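Open the structure in your viewer and keep the sequence panel beside it. Select each part as it is named.

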Amino acid sequence: RAHEGAAAAPGPLLEPLPATWRPRAALTEDGAIVLGRSDDPARQRQFDAVLRPGSDRGLLAVGGAGSGKTALARWIAGAAREHGVRVVEVPRDSEGAWDALEAAASHPPEVFVADDADALLSRFPAEYGQAAGEKLEAIVRDAGATGTTVVLTAARLAGAIGRIADVMPRRAVLALPAVHDHTAAGADRESFDARRPAGRAVLDGFETQLALPPDEPAPGDDVADALWRPAAPVTGLVLRAASRRAEALAAEWEPGVRVVALADLAPGASLDAAGEGRPVAIVGEADEWQRQYALLQAVRGRGDLVIGSDCPSELRTLAGERDLPPYARPRAARAWLVAPGRAPRRVVLP
């Protein structure tokens, strides 16, 4: 009673890790990103776990839904970007993800972040999924030479992600539904906790409460792509439902560009007959172009060829392209532009 209201004396053990935690500063004085607060009971100490862009090769976070892996990816990307570090963050849409993988492979960034990498690869069709997995694996394996710090998150270590996980130098294991998932992710069986809160991970062998990003919406992926318009003197378009598409394109492009349905041209028609002195866009089905092969060759010699994303085989048969083009969503007004001497690129049609 004499000491009622007095603060309790400190006990022999440190306070447990908090359920949520934010550091005072996202970066340390030497430029390392603060990942979270780690607990080392054996030495009775708690310390900040960090990631050093440019010197650390990478970090793989494995966790189930709601475990906090997406928050970790957002935290690292945001902290790095805010302090002037060049970041490539893979968006969730497949077209943007393909472009991000291409960009990171061609011009390696200081930090590369891919959230839900296993789900990302599974969203691609088989051929593109395999190619995307190979690109991602190359980025990870080359990280030491390029100076890139790779941050991946995944729910399961299967397929390409399983191979990639074997070469990732550090791993954070968050909440997983079963003990066998926990051990398969690389953590000790004794550290499994079915009630592990969001953001609590086993990192470098220590219980760690990962940093919580600011309360702000995640960056959106829905960036409107600019509509493509013919610029060459003549452009051949290989599209399904060509007659209907020709009418829609004419409404968008004329009078600056003359749009012609290939079905309306007589067999053996010349480009001079089609153009009337203006840039011309000739729209036809694949089989119509095969019947007008001489006209197709003339178009390829003097202008551009545009092939709809739902006609991928025509890239080989009509354009002679053997390499896999950039991923384009089918039936979404996407197409590939094949210009003379250049690799195909994705464009968006009206």
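Residues are numbered from 1 along each chain as its sequence is written, and side-chain values use heavy atoms, with hydrogens and water left out. This is a predicted model, in which local features need pLDDT of at least 70 and side-chain atom pairs count only at pLDDT 80 or more, while totals for chains, interfaces and linings use all residues.

Helices (H or I, at least four residues) and strands (E, at least two) are DSSP runs, numbered from the N terminus.

**Helix 8**

Select residues 242–253, the 12 residues of helix 8. From first C-alpha to last, helix 8 reaches 16 Å, close to the 16 Å expected at 1.5 Å a residue. The expected span is 1.5 Å times one less than the number of residues.

Which residues of helix 8 are buried? Colour A242, R245, A246, L249, A250 and W253 to see them. They lie on the same side of helix 8 because they cover an arc of only 140° around the axis; the arc is that of the directions from the helix axis to the C-beta atoms. Buried means under 20% relative accessible area, exposed over 50% and partly exposed in between (1.4 Å probe, protein chains only).

Turn to the other side of helix 8, where R244, E247 and A251 are exposed.

**D40**

Finally, select D40 in strand 1 (residues 33–40). D40 is buried, with a relative accessible area of 6%. Leaving out residues up to four places away in sequence, D40 touches R45, F47 and F206; contact means heavy atoms within 4.5 Å.
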